[in-house]
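Reader: Please take one part of this model and go through it closely. I would like to see how that part sits within the whole chain.

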Amino acid sequence: MCDDLSLKYVCSNCSSTFEKAFEFFYPPFKKSFSIGIYKDKFKDLVIKAKSDSIAMEEISKLVLRFLKDKKFDGFYLSCIPDDKFGRSHLDRIVSNISKEKRLPIYKFQKIRETKKQHLLYFRERSLNVEDCFKAELSPERVLLIDDVITSGATLRSAYKELTRSGSKIVYSLVFAVSPLFWENYKKSQRTNNFPVW
Ligand SMILES: [Zn+2]
């Protein structure tokens, strides 16, 4: 990933800059997990993973290490879909986790084109992804995977549709939280004042 000549895709210098994976409480999700913060070398890795399967495998390893001792009884794995067929650039990692953790996969659809969230102001993002997902008979418990939380609008829109179609308990797992999201999150924790959704 860097200029280091080690044979590993992520050298020990780079991986030493990665934050520890953590759990946090981000309503309406019952539990949320992030593998890192979206900055420095970890950000590079997450960006590379969008197009590079080796980078995605590296993230997959980090996710599985974090999930090793965690139990998800009765949960289905799902991820944010990219199209109306329910396909996603996260399918590969979802399949890895499914095998390792022995969790079935649940798929839903993205039924409407949206603009790229990172090109929009925060206040436009919720509207951009509103009602863009379609789920049917979704399972009661879902562990929902996405790559990065920035405004949280995409995950919340998916949450809304999943709970509308039957889910009762939804956890979210992301590779990274953006530094801005994390700052705002910590601020809201201190004041006990979660943003309103
Ligand atoms: Zn390196």
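Author: Thr154 lies in helix α6, which covers residues 153–164. The model is a predicted one. With a relative accessible area of 18%, Thr154 falls under the 20% limit and therefore counts as buried. Leaving aside residues up to four places away in sequence, the contacts of Thr154 are Ile80, Gln117, Val129, Phe133 and Asp146. One of these, Asp146, belongs to the stretch 141–149 that forms strand β6.

Strand β6 leads on to another helix, α4. The buried residues of α4 are covered by elements that include β6 (141–149), β7 (169–177), β3 (76–79) and α3 (53–67). Helix α4 spans residues 91–101, and its buried residues are Ile93, Val94, Asn96, Ile97, Ser98 and Lys101. Among the buried residues of α4 are Ile93, Asn96 and Ile97. After α4 comes Arg102, which has a positive phi, near 55°.

The metal site involves other residues. Cys2, Cys11 and Cys14 coordinate the zinc ion through their SG atoms, at 2.1 to 2.3 Å. Along the chain these donors have the spacing C-x8-C-x2-C. Is Cys11 buried or exposed? Cys11 is buried, because its relative accessibility of 4% is under the 20% limit. Cys2 has a relative accessible area of 28%, which makes Cys2 partly exposed.

As for the whole, the protein chain holds seven helices and seven strands. Their order from the N terminus is α-β-β-α-α-β-α-β-α-β-β-α-β-α. Buried residues account for 49% of the 197 in the chain. The radius of gyration is 16 Å, in agreement with the value near 16 Å for a compact globule of 197 residues. Along the principal axes, the C-alpha trace extends over about 50 × 40 × 35 Å.

Technical notes. Residues numbered from 1 in each chain as written. Predicted model: local features only at pLDDT ≥ 70, side-chain atom pairs only at ≥ 80, totals over all residues. Heavy atoms only, no water. Helix = DSSP H or I, 4+ residues; strand = E, 2+ residues; numbered from the N terminus. Rg over C-alpha atoms; globule rule 2.2 N^0.38 Å. Buried < 20%, exposed > 50% of the residue type's maximum accessible area, 1.4 Å probe, protein only. Donors = N, O, S within 2.8 Å, 3.2 Å for Na, K, Ca; no water. Contact = heavy atoms within 4.5 Å.
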